[in-house]
Amino acid sequence: MKILSPNEVARIVQVAFVLEPIVDKIGLTTRYSDFNKNLKLENFLVAGINVGDSFRELAERIYKSNNLPITYDLALQAQKDSFKNRKGTKLIYGGIISLFPLIITQLHIQSTDPYKVLDNVKNILKKTYKKDTLYLQELENFAYSHHPNHSKYMFEVKDKYKNIFDYYEKDLIAIGEVKPGWSDRAKTGSSNKEILNGYPILKSMLDLFFNNIKNNKPYLGISETSEEIDSLIRKSFPNAHIQWLADLHVCLLYLIISNNKKFYV
């Protein structure tokens with residue numbers, strides 16, 4: 001049984017990545033202005049379109065396997081593909097590493113219910129493999145190598161993690177042990193905490209979206225809706241990096257669109 005065809009998974013992923021930077025969010029690249037010369041809107045759009053093939057193959061691989069297969073080689077490939085036909089830095093790295101666990105979970109448990117997906121991420125990540133952790137570490141190093149300020153965070157790939165959950169858990173401890181602390185966006189543990197804890201910020205974003213529907217608020221389009229969610233979520237999570245919130249907007253869009261065939265922008 002295929003809840004979503006591989007082509008549909010790839011299409012929705014691409015739509016989510018393309019829609020996210022268009023939305024007018026303070027302090028980020030938007031349809032109105034580029035945050036800086038490396039973070040140009042066209043770079044985000046091209047990067048988002050480029051990753052479609054990897055997510056299509058991810059869906060195909062999961063559907064062909066009775067048990068969860070090795071998957072994170074495709075996350076690495078998505079990051080590499082994101083650089084095709086564009087300049088700029090690692091850009092959608094955060095979107096890739098945050099979206100990947102969600103889609104693996106969604107397809108493995110055969111459900112597009114966003115909340116059910118979030119509830120099962122932890123268990124599914126514990127079913128991943130040591131080899132997946134090697135690919136994830138390679139992905140991180142590859143991404144850091146393409147940022148002038150983040151190459152110093154590259155590290156030796158270690159063969160000591162049982163699965164992706166184990167890696168994120170132990171990596172978060174390692175981050176906390178770095179002195180005097182990493183103030184840079186590159187290594188604050190934001191993604192580790194979100195994924196390990198079942199995506200609490202993303203869940204709050206989903207609540208905001210669906211509460212609008214429940215309260216019969218008129219749907220003003222995804223741009224206006226996302227702008228409202230972004231404003232409210234920043235108030236609820238004032239210490240969250242706005243770049244990480246942008247990455248979670250990609251996840252939000254994917255979960256909403258994949259769960260509703262009647263969705264329109």
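**Entry 1: H4 and H7**

I began with helix H4 (residues 72–81) and helix H7 (residues 130–145), whose axes come within 8 Å and cross at roughly 15°. That makes H4 roughly parallel to H7. For my own reference, axes are lines fitted to C-alpha atoms, for helices over the stretch in contact, and angles run from 0 to 180 degrees between N-to-C directions. Angles under 35 degrees count as roughly parallel, over 145 as roughly antiparallel, 65 to 115 as roughly perpendicular and the rest as oblique. Helices (H or I, at least four residues) are DSSP runs, numbered from the N terminus.

This is a predicted model, in which local features need pLDDT of at least 70 and side-chain atom pairs count only at pLDDT 80 or more, while totals for chains, interfaces and linings use all residues. Residues are numbered from 1 along each chain as its sequence is written, and side-chain values use heavy atoms, with hydrogens and water left out.

H4 passes H7 in a left-handed crossing (left-handed if the near helix is turned anticlockwise from the far one by less than a right angle, right-handed if clockwise). From H4, the contact uses Tyr72, Asp73, Ala75, Leu76, Gln79 and Lys80; from H7, I noted Asp132, Tyr135, Leu136, Glu138, Leu139, Phe142 and Ala143. Contact here means heavy atoms within 4.5 Å. I sorted these residues into eight nonpolar, one polar and four charged. In that scheme Ala, Val, Leu, Ile, Met, Phe, Trp, Tyr, Cys and Pro count as nonpolar, Asp, Glu, Lys and Arg as charged, and the others, Gly among them, as polar.

**Entry 2: Phe142**

I then looked up Phe142, a residue of helix H7. Leaving out residues up to four places away in sequence, Phe142 touches Leu76, Gln79, Lys80 and Phe83. Ser111 is 31 residues from Phe142 in sequence, and their C-alpha atoms are 32 Å apart in space.

**Entry 3: H5 and H12**

Next came helix H5 (residues 93–109) and helix H12 (residues 242–259), which pack at an angle of about 30° with axes 8 Å apart. H5 and H12 are therefore roughly parallel, and their crossing is right-handed. Among the H5 residues that meet H12 are Leu99, Leu102 and Ile103, and the H12 side includes Trp244, Leu248 and Tyr254. The contact of H5 with H12 divides into nine nonpolar, five polar and one charged.

**Entry 4: H6 and H10**

Helix H6 (residues 114–125) packs with helix H10 (residues 200–214) at about 170°, their axes 11 Å apart, so I logged H6 and H10 as roughly antiparallel. Pro114, Tyr115 and Leu118 in H6 meet Leu202, Lys203, Leu206, Asp207 and Phe210 in H10. I count six nonpolar, no polar and two charged residues in this contact.

**Entry 5: aromatic pairs**

My tally is nine aromatic pairs. Rings of Phe, Tyr and Trp (its six-membered ring) pair if their centres lie within 6.5 Å; planes under 30 degrees apart count as stacked, over 60 as edge-to-face and the rest as tilted. Tyr115 and Phe210 have ring centres 6.1 Å apart and planes at 45°, so the pair is tilted. Tyr115 lies in H6 and Phe210 in H10, so this pair ties together parts 95 residues apart in sequence.

Technical notes: Helix = DSSP H or I, 4+ residues; strand = E, 2+ residues; numbered from the N terminus.
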